Amino acid sequence: MAFLMLSYTVQAQVRGGAGGAGRRAGQNTNVGHFYGRIVDAKTNKGVDGATVELLRSRYDSVSQTQKQVVVQGQTTKANGDFSFEDLPVFGNYTLKVTTVNYSETDIPVKFDIKGLAGAARNNAAQNGDQQGGAPGNMDQILSAIDKDLGNIKLKGNVTQLADVVINATPPPYKMGVDKKVFNVDKSIVATGGMASDVLKNVPSVNVDIDGNVTLRNQSPQIFVDGRPTTLTMDEIPADAIESIEVMTNPSSKYDASGGGGGIINIVLKKNRKVGYNGDLRGGIDSRGKLNGGGDINVRQGKFNFFVNGNIRQRKSVSTGELNQTNLDSAGHNMYYTHQPSNNTSTGTMGFGRAGVDYFLSNRNTISLEGHYFHGTFNNFDTYNSTTTYDPVNYPGYADSTSYFRQDAVNKSVFQNIEGEVNYKHNFPKSGHELTADFTAQGNKNNTNQTVNSYISHPDAPISTSLDYFYPENIYSNGISHNYNFQSDYVNPFTEKTKLEAGVRANFQNQSSDNLYELSSDSGKTYYPNAELNNNFKYNQQIYAAYAQFSSTITKNLSYQAGLRGESSQYSGTLYTNTGNQTYTHNFPLSLFPSAFLSYKINDGQSLQANYTRRINRPNFFQLSPYVNRADSLALSQGNPDLAPEFTSSYEINYQNDYKGGGFLATVYYKHTTNLITRNVVREVLPGDIDSSNIYTYQNASSSDVYGLDLTNHYNITRWLDFMVNVILYDSKINAGNLAGLSNEDQFSYFGKINFNIKLPAKFSIQLNGDYQSKTIVPPNSGGGGRFGGFGQPVSTANGYVKPIGGVDIAIKKDFFKNNAGSITLNMQDVFRTRVNDAVSTSQYLVLDYSRLRDPQFVRLTFSYRFGKMDMSLFKKKNMKQDQQDNGGGDQVGGGGGTR
């Protein structure tokens, strides 16, 4: 009777959801869902690539006996997850798990028939027989047929070296000898922020006040979902990120670009849970700016759809101070400039992402995905300068003081569009797979800048005497396109050996138009400055192929060796009023080997040594010969003759997994040749009378970095855990080959600590602190001008940043059933201590500057998560097929329809 009631209740739900049109009374649905995770019994780490099969008994008409047949099968994801859908809810199943190095495991599983029947009776009693209408609350039924089998533990039969999850409770960090994985859901201080806010909490990663990212004080290559991206860290919302993967020494499988900085891979959220689920969020900050967004994911049959959207208003305020000493050609002090500055930046940013996965079969999946970013920004800058000559070296000018003010209004529009197609084929053998990806990216930016310059002298404040007013307009337009094709093949020949191979082709095209307008009548009329107007076009092609082989020598010793080959071509043309200049570089084929040797000491401890070689090719702005006059006091220009830099990296890792925590120590050394750095040259530009100081890029001889990176995570109690990361390193830059620069050696240290506290009444607190000692500025970071593209201090090989540190805090309150809702209040730079204070020296200039941006910035965010199995989302299957699957048993009603 209970079975009949349940069958009727499910049918009624289907009829109600679809209006009942054309439905047959005996129709049944296959809506059962088993899911869980396969983990190592000792470490609780998810087992990747395990074969999971769901079997049930079926009647064989030939032998006239019941036989176990495979209903569904799949391999587990990287974290050990598996999921079987569209299952009959009646009958007994067997879950069979097999994989190399583990014992085979068979587990009987079934749905809670009694619970289903009880829920059906309750619904029938409460709602009656309502033909064509949905029964009442179906949550109990939906919960019973959506069954989590939990963590299924496998016992190892061969000892293996693998990453270690710190404890049984999912930690904020998973640490391995080749990468660290950071769980964004654990970072409540980044709630409502951007990717740069998330990265502030990741071990070994440092983010300055302007969002510039360094990994062990070097600029890394940024990936999104395993592929290079043109998105910046201020274009990716924190709420769209699933996790962050940090690879300090990537193998030959990965793109060789990025130099010694390694790779930071941002994994975006994509939920494939059956049914529908998502979240909504909204917030406001202490400057009255709003942010909001939402996600929804729908899984129906062979399709998985997802949509993500975020919109954010922004207002950023910063103050700064510059003290500049100008030197003559003999190195004597010439004059001093003191310049306080104020900046206000406002804007609105929108980020959208949508995609679909189509499961062609258990072994074939094709995915389509698109990203869209649009941002409008208004920047208002004011610089007030006071300049005095040195009384000793230039006594004749000692009484001459000049005042200069520059007001700049910058209006910019940015747009980024990205689309990708991915295909994956799993061969019958576990871990044997082929993937192919194609990505197309397009960027567009338009900037209109009005600069008004005021000059007053001698000894008269600009407020009382205005000698000269110099207005100008600057119009800049840039377009870039990036196309990438990549295919990877993985074949585990035996339980102990595996081959990985792949190819990649990348094509980049960029162009930039710059138009200058000057006024000689205080801004009443403007005329083009033909000598400064220019257009620059550039394209680059990169071709790559790799192969790497891994094998287990003994039960405790394994290795991986790989080789990657890359060649690239670059060509660019500068179009000016005086003629065109073309620059071409053909970088020959370069080889990038990698080698990893791993040794397992015991169940909790392991050692690994590795070596890789990487390249850092100069980017568009570093190569462009265009003179950027956005800051008239500090012009910048690229160098089309720049050579790429090459980095050889060596690491020794020690990992110890202990009860309640984990410890990882890395000793590393990096040697870079042809180091790309900034320098200051002095020359007379076209259209000028006097010489100007120009920041440009040059190749220094080399650099060396020695370091020790320590990371520890520990659960002190059930309600308190912490993570601490400390890096000690010595940086040596050999730049004596460049005029005005010398060799430098600087010892530095960096640390960050994170506390997570769980309080009663569903409250939680997160406290993050970081500190960076005096350190050399990453030589190839930032943009043009004295303060870079977004305020990043200009770095020459002899520049350094003074100590800086700060504290962030967040408080979160969960509520509603299953903690579906939450409110988060966070504050950045609680004590106003993140002052970016730096010094840069060169042959002609010595700069000492400091900036403070957005201290004690508060943000309040509300989020609500939803999700439910909706019976109307599933395809129907007739009873005749059910009877065949059940071997003639578990019959519930009559037949009807076709699938």
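Reader: Is Tyr611 buried, partly exposed or exposed, and what is its relative accessible area?

Author: Happy to start there, with a reminder that this is a predicted model. The general idea is that a residue counts as buried under 20% relative accessible area and as exposed over 50%, with partly exposed in between. Tyr611 has a relative accessible area of 22%, so Tyr611 is partly exposed.

Reader: Which ring pairs with Tyr611, and how do the planes sit?

Author: For planes, under 30 degrees apart is stacked, over 60 is edge-to-face, and the rest is tilted. The partner is Tyr650: the two planes meet at 40°, so this pair is tilted, with the ring centres 5.0 Å apart. The pair links distant parts of the chain, as Tyr611 belongs to strand β29 (residues 605–616) and Tyr650 to strand β32 (residues 645–658), 39 residues apart. Tyr650 is partly exposed too, at 39% relative accessibility.

Reader: How many aromatic pairs does a search of the whole structure find?

Author: The search finds 25 aromatic pairs. One of them is Tyr335 with Tyr389, a tilted pair at 5.3 Å centre to centre with 55° between the planes. Here, too, distant parts of the chain are linked: Tyr335 is in strand β19 (residues 333–361) and Tyr389 in strand β20 (residues 364–389), 54 residues apart. Tyr335 is partly exposed at 21% relative accessible area, and Tyr389 is partly exposed at 24%.

Reader: Where does Arg216 lie relative to Tyr668?

Author: Arg216 lies over the face of Tyr668, 4.4 Å from the ring centre. Arg405 likewise lies over the face of Tyr454, at 4.4 Å from the ring centre.

Reader: Which residues lie nearest the centre of the second largest cavity?

Author: They are Asp197, Lys200, Gln828, Arg853 and Asp854, out of 28 lining residues. Elements that give two or more residues to this lining are α4 (195–199), β17 (290–300), β18 (303–327) and β44 (857–868). The largest share, five residues, comes from β18.

Reader: How do the residues of that lining divide into nonpolar, polar and charged?

Author: Six are nonpolar, six are polar and 16 are charged.

Notes: Residues numbered from 1 in each chain as written. Predicted model: local features only at pLDDT ≥ 70, side-chain atom pairs only at ≥ 80, totals over all residues. Heavy atoms only, no water. Phe/Tyr/Trp six-rings, centres within 6.5 Å; stacked < 30°, edge-to-face > 60°. Helix = DSSP H or I, 4+ residues; strand = E, 2+ residues; numbered from the N terminus. Buried < 20%, exposed > 50% of the residue type's maximum accessible area, 1.4 Å probe, protein only. Lys NZ or Arg CZ within 6 Å of the ring centre and 35° of its normal. 1 Å grid on protein atoms, 1.4 Å probe; cavity = no way out; pocket = protein on both sides within 12 Å on 5 of 7 lines; lining within 4 Å. Nonpolar A, V, L, I, M, F, W, Y, C, P; charged D, E, K, R; others polar.
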